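The following note sets out numbered remarks on the helix packing and the charged pairs of the model. Please read them alongside the sequence and coordinates shown here.

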Amino acid sequence: MQDPYEAVKEEVVNSVNKLEALYQKWKSTEDPTQLVRHHSKLLDSVRNIEGDLNDLGDAIKVVLANRRKFENLTDSMIDARRQFIDNTRGRIRQIKEEINNPQNSKSQAAMSSPKGTPKAGGRTTNPYAHLQEESDTTQFIEGHMQAQAEMEMSQEETLEDLTHAVQKLKSTGVEIRDELQNHDKLIDELGEEMDTLQGKMKHAAKQLEKAMDEAGQKTKLCVIVFLIVVLLILTFIFF
């Protein structure tokens, strides 16, 4: 941010020097026409300088409100600017009071003489107005940027929470998948064991059936042998 203080100060110093010269002319002249003319010019100059001093005062307020952008200005420099404004205002006040003093004969002559239409004197624009506007705009932009930064931070926190939730769900899903894979493995092993046991049971049933068949044939042979023996005994007894 540009600081036009020195340029305005130089303008004020030149205006004060011209005012002092005109004031001396006003004091030394005796011509009523010149008195009126000098008196009108003095009042215009006083108004101009007062406007410049008000602008310088506003400039100091802008500097104080934006110290970060005017880091090159120390407190002593700001105090010196205030002192210059106060001293200049004091001198302007003295001249203004003297030229408007009703007890001063020159003032009476000037104020009692007919005056033409007063000139449009005084500063109508504030050279520091753009600084104040820039300051307000900067504060608005900073506030908007801060609000946007807070919103982005909140969104980042929400996104981070969602990321953690997704990661947790993913971890839970992986655990469930591993558990299901373990269950599938156990079921497959159990199925294999059942198949093996079923095969063994079928084999045992066949062995048992074969054993029973063999046992039945031996029994029949024993019965036949027994009957033959009985027949032989009966034949021997009766014949």
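1. The crossing of α2 and α3 is left-handed, a term that applies when the near helix is turned anticlockwise from the far one by less than a right angle, with right-handed used if it is clockwise. The two helices, α2 and α3, pack at an angle of about 160°, and their axes are 10 Å apart. Here axes are lines fitted to C-alpha atoms, for helices over the stretch in contact, and angles run from 0 to 180 degrees between N-to-C directions. α2 and α3 are therefore roughly antiparallel to each other; the classes are roughly parallel under 35 degrees, roughly antiparallel over 145, roughly perpendicular from 65 to 115, and oblique for the rest.

2. The model is predicted, and local features need pLDDT of at least 70, side-chain atom pairs count only at pLDDT 80 or more, while totals for chains, interfaces and linings use all residues. Residues are numbered from 1 along each chain as its sequence is written, and side-chain values use heavy atoms, with hydrogens and water left out.

3. α1 and α3 pack at an angle of about 25°, with 12 Å between their axes. α1 and α3 are therefore roughly parallel to each other. The crossing of α1 and α3 is left-handed. On the α1 side, the residues making the contact include Val12, Val16, Leu19, Glu20 and Trp26, and on the α3 side they include Phe84, Arg91, Ile92 and Ile95; contact means heavy atoms within 4.5 Å.

4. Which residue forms a salt bridge with Glu20? The partner is Arg91, with the closest N and O atoms 2.6 Å apart; a salt bridge is a side-chain nitrogen of Lys or Arg within 4 Å of a carboxyl oxygen of Asp or Glu. This pair links distant parts of the chain, since Glu20 lies in helix α1 (residues 5-28) and Arg91 in helix α3 (residues 75-99), 71 residues apart. Glu20 is partly exposed at 22% relative accessibility, and Arg91 is partly exposed at 27%. The accessibility classes are buried under 20% relative accessible area, exposed over 50% and partly exposed in between (1.4 Å probe, protein chains only).

5. The side chains of Lys96 and Glu50 also meet in a salt bridge, at 3.4 Å from N to O. Lys96 is in helix α3 and Glu50 in helix α2, so this pair ties together parts that are 46 residues apart in sequence. Lys96 counts as partly exposed at 33% relative accessibility, as does Glu50 at 27%.

6. Within helix α2 (residues 32-65), Asp44 and Arg47 are three residues apart, which means they are separated by about one helical turn. Asp44 forms a salt bridge with Arg47, the closest N and O atoms lying 2.2 Å apart. Asp44 is buried at 9% relative accessibility, whereas Arg47 is partly exposed at 38%. The count of salt bridges comes to five.

7. The chain has five helices and zero strands, where helices (H or I, at least four residues) and strands (E, at least two) are DSSP runs numbered from the N terminus. Buried residues account for 21% of the 239 residues in the chain. Among contacts between residues at least 6 apart in sequence, 76% join residues at least 24 apart. The accessible surface of the chain is about 17800 Å², with 58% belonging to carbon and sulfur atoms; accessible areas come from the Shrake-Rupley method with a 1.4 Å probe, and for residues only the protein chains shown count as cover.
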